[in-house]
Amino acid sequence: MKIRWWLVGLCGVGFLMSGAVGSSFGLLRLQYQGGPVAEKGSVPETFRVVEALRLQYQGGPVFEKGSVSGVVKAAGQPPVPKPIEVNKDQDECGKSQPAESLILGAGNEVKNALIRLTNIVKGKRLDTATKVVLDQAKCRFVPQVVIVPVGATLEIKNSDPITHNFRTFSIENDPINRAQPKNGPVISTKFTLPEMFKAQCDIHKWMSAWIVVADNPYSAVTDDKGQFMLADVPPAPGAGFYQMEIWHEMLSKVTKEVTVKANADTGMSVELKK
Ligand SMILES: [Cu+2]
């Protein structure tokens with residue numbers, strides 16, 4: 001990605017001069033100015049600068065820890081996709097595969113919803129040394145939604161005795177499009193910019209996953225009971241609140257304000273509409 005470094009530098013000076021990190025981030029977000037766009041691309045330059053500023057999340061020790069936990073449910077009775085007929089490699093993949101685009105529990109609990117705090121700028125360290133594994137096993141991606149910190153390693157494995165072709169649809173990060181034969185080497189990669197994008201196998205069309213490249217450590221994916229937990233969250237500065245985004249590929253995206261208290265859990269109940 002091309003960054004106007006002088007512009008980033010200019011914003012950086014303003015950033016440093018405006019005091020506390022939290023308040024200056026909020027101030028900068030308010031300073032968006034609409035007008036003619038001289039260089040038009042798929043992502044406007046202004047957005048790119050804001051994305052660059054988002055990387056200024058500061059990790060360190062958290063002395064006053066709270067947490068946010070809860071359950072995500074689907075409203076009403078959204079239609080659950082039918083199993084997908086398998087037309088390739090049936091010996092390994094079976095005759096059908098369950099559709100993973102919407103998995104609901106008995107009480108409409110949503111599996112694989114993404115929860116993240118979007119405006120937190122200070123908290124625990126982002127673990128950039130970690131290795132996150134995305135496996136292709138029994139002709140499915142495991143997990144189906146995977147969170148990878150910016151700069152951390154994603155290892156894409158193939159545990160099946162057949163060939164898969166791993167392909168991503170990223171824009172900010174370099175896309176990947178590589179065949180991965182059985183017993184083939186692990187594809188090891190790093191993503192440098194926060195972004196959420198789809199991945200798929202070109203050979204087996206039902207295989208898809210979402211990769212979430214996170215620039216702060218406060219994101220989670222719901223389990224098969226629809227539950228999530230964000231741990232070690234410091235209370236928002238100035239008795240404020242955080243923006244919590246809840247997203248699922250087939251349902252609505254919801255943003256909620258969440259207040260975090262030291263040594264306490266904040267319970268959230270989230271309903272996503274179709
Ligand atoms: Cu495949």
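Begin by selecting Pro 143, which lies in the loop between strand E8 (140–142) and strand E9; helices (H or I, at least four residues) and strands (E, at least two) are DSSP runs, numbered from the N terminus. The peptide bond that joins Val 142 to Pro 143 is cis, with omega at about -5 degrees.

Before going further, note that this is a predicted model, in which local features need pLDDT of at least 70 and side-chain atom pairs count only at pLDDT 80 or more, while totals for chains, interfaces and linings use all residues. Residues are numbered from 1 along each chain as its sequence is written.

Now zoom out to the protein chain, which has four helices and 20 strands. Of its 274 residues, 24% are buried, where a residue is buried if 20 or more other C-beta atoms lie within 10 Å of its own, exposed if 12 or fewer, and partly exposed in between, with C-beta atoms placed from the backbone. Among contacts with a separation of 6 or more, 67% are between residues 24 or more positions apart, a contact being a pair whose C-beta atoms, placed from the backbone, lie within 7 Å.

Next, select Val 148 and Ala 209, the residues with the most contacts inside the largest nonpolar core, which has 44 residues; such a core is a set of buried Ala, Val, Leu, Ile, Met, Phe, Trp, Tyr and Cys residues joined through C-beta atoms within 7 Å. Elements giving two or more residues to this core include strand E2 (66–74), strand E9 (145–149), strand E14 (195–201) and strand E15 (208–214), and E15 gives the most, with five residues. Leaving aside neighbours within four places in sequence, Ala 209 is in contact with Leu 134, Phe 141, Gln 144, Val 145, Val 146 and Ala 199. In soluble globular proteins, nonpolar side chains tend to be buried together.

From there, move to strand E11 (residues 164–168), whose covered face consists of His 164, Phe 166 and Thr 168, and whose uncovered face consists of Asn 165 and Arg 167. In a regular strand the side chains alternate between the two faces of the sheet. E11 runs antiparallel to strand E12 (residues 177–180), to which four bridges join it; two strands pair if DSSP finds at least two bridges between them. Within E12, Asn 177 is the bridge partner of Arg 167. E11 is also antiparallel to E14, with three bridges, and here Phe 166 stands opposite Cys 201.

Select Gly 105 next, in the loop between strand E4 (96–97) and E5; Gly 105 counts as partly exposed because it has 17 C-beta neighbours inside 10 Å. Not counting residues up to four places away in sequence, Gly 105 touches Asp 224, Lys 225 and Gly 226.

Finish with two backbone angles. Most residues other than glycine have a negative phi, and most peptide bonds are trans. Asp 232, although not a glycine, has a positive phi of about 55 degrees and is placed in strand E17; with 15 other C-beta atoms within 10 Å, Asp 232 is partly exposed. Asn 263, likewise not a glycine, has a positive phi of about 55 degrees, but this residue lies in the loop between strand E19 (254–258) and strand E20 (265–272), and Asn 263 is exposed, with 9 other C-beta atoms within 10 Å.

Key
Two residues are in contact if their C-beta atoms, placed from the backbone, lie within 7 Å.
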